[in-house]
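Please read them alongside the structure itself.

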Amino acid sequence: MGSRRKFLEKASVAAVGIPLLCYSSDLLASSSEPYDGRMLRVAIMGLGSYGNRVAKAMVDCEKAKLVGVISGTPSKIADWREKYDVPEKNCYNYENFDAIKDNPDIDAVYIITPNGLHCEQAIRVAEAGKHVICEKPMGINAAEGQKMVDACKAANVKLLIGYRMHFEPKTMEVIRMRMDGEFGQPKFFQGQSGFVIGDPTQWRLNKKLAGGGAMMDIGIYSINGARYMLGEEPIWVTAQETKTDPVKFKEGIDETIQFQMGFPSGAVANCLSTYAMNNLDRFFLNGSDGFAEMQPSTGYGPIKGRTHKGELTQPHITHQTLQMDGMAELIFEGKQPIVPVDGEEGVKDMKIIDAIFEAVKTGGKVEITI
């Protein structure tokens, strides 16, 4: 990655906004010698499409390995056992997975179930003495997120959130440039996150399971992106909802929300979250001395982007592979990513989502304390 030495130097000093910690260059460096350190042994809970994506990506991990599964569907467990050589003793269902506390072959559980189940499941995993990796959003509101943080602290286990973009090379380069002052003073961020959702009976359109609609699923990317690209935490939000299909998008399930955020420096963000439009995966950062544009900005890749200095050329590596190796380093070696992936980071995004929903409801500006 370009200017890595300057990046590390910048990361070692205090900065305004999001904590910027040491970056693990090991994740991008090729090595001729095989890794012989401690392996993070992971059980995946929830064997749906994204669980499958994570499992496939972990085949290429050096520091993390899939060793167990948790599912309510016996046929899926059988398929995964054969495909990934998962021992029968490491297979559980949603009723009996508390028994992982007696299984020394599992270090962590990656929760990839519907949002509304995350809180209870994370607490149960923590009480079983295993590290918790939870897909975002971490819960359906900030209160649930804080319960998860508290439970993991009480159990002395890590709580990590599946922020794969916090390990993505082109994203990291834009953050490096911002830290090095190459954009000057950040002034404006635009985030567009959306797609046309399909099956109207799926859990993402179920209020109890999803906690909301597009905002919980795709809008969170623009929220998190605004924070790490501007390097600040928002202090207010305003928001407006548009709903063209009240049958598909029932009460409590947002179809399209435009939202605005203000930051202490005076920077502003203007974002769109939708389940009704395709071709929306774009971030734009404008500063007093330059800009960065990424499109696609958060898809599974490859990410593409350019700045006022030219095209971003960092290599594409499967996001979930980088994420899981990075989380193994965090848990066993204490190496932190530039932008945190811990439970506290997840709670911050949930507080902003709560404020956006409140702004939609009231029609006014909602102050945020993070």
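1. Buried is used here for a relative accessible area under 20% and exposed for one over 50%, with partly exposed in between, using a 1.4 Å probe and protein chains only. The model is a predicted one, in which local features need pLDDT of at least 70 and side-chain atom pairs count only at pLDDT 80 or more, while totals for chains, interfaces and linings use all residues. Residues are numbered from 1 along each chain as its sequence is written, and side-chain values use heavy atoms, with hydrogens and water left out.

2. His166 sits in the loop between β6 (159-161) and α6 (169-179), where helices (H or I, at least four residues) and strands (E, at least two) are DSSP runs numbered from the N terminus. With a relative accessible area of 1%, His166 is buried. Its side chain comes to 3.3 Å from the backbone oxygen of Val339. Not counting residues up to four places away in sequence, the residues that His166 touches include Met172, Tyr228, Pro337 and Glu345, a contact being heavy atoms within 4.5 Å.

3. Helix α3 (residues 74-84) has Ile77, Trp80 and Tyr84 buried. Seen down the axis of α3, these buried residues fall within an arc of 65 degrees, so they line one face of the helix; the arc is that of the directions from the helix axis to the C-beta atoms. The buried residues of α3 pack against β1 (40-45), α2, β2 (64-70) and β3 (91-92), whereas Pro74, Asp79, Glu82 and Lys83 are exposed on the other side of α3. Just after the helix, Asp85 takes a positive phi of about 55 degrees.

4. Ile368 lies in the segment after β15 (366-367) and, at 10% relative accessibility, counts as buried. Although Ile368 and Pro234 are 134 residues apart in sequence, their C-alpha atoms are 6.9 Å apart in space. Leaving aside neighbours within four places in sequence, Ile368 is in contact with Pro234, Ile235, Trp236, Val237, Ile352 and Ala355.

Conventions. Polar contact = N/O pair within 3.5 Å; in protein donor to acceptor, adjacent residues only side chain to side chain.
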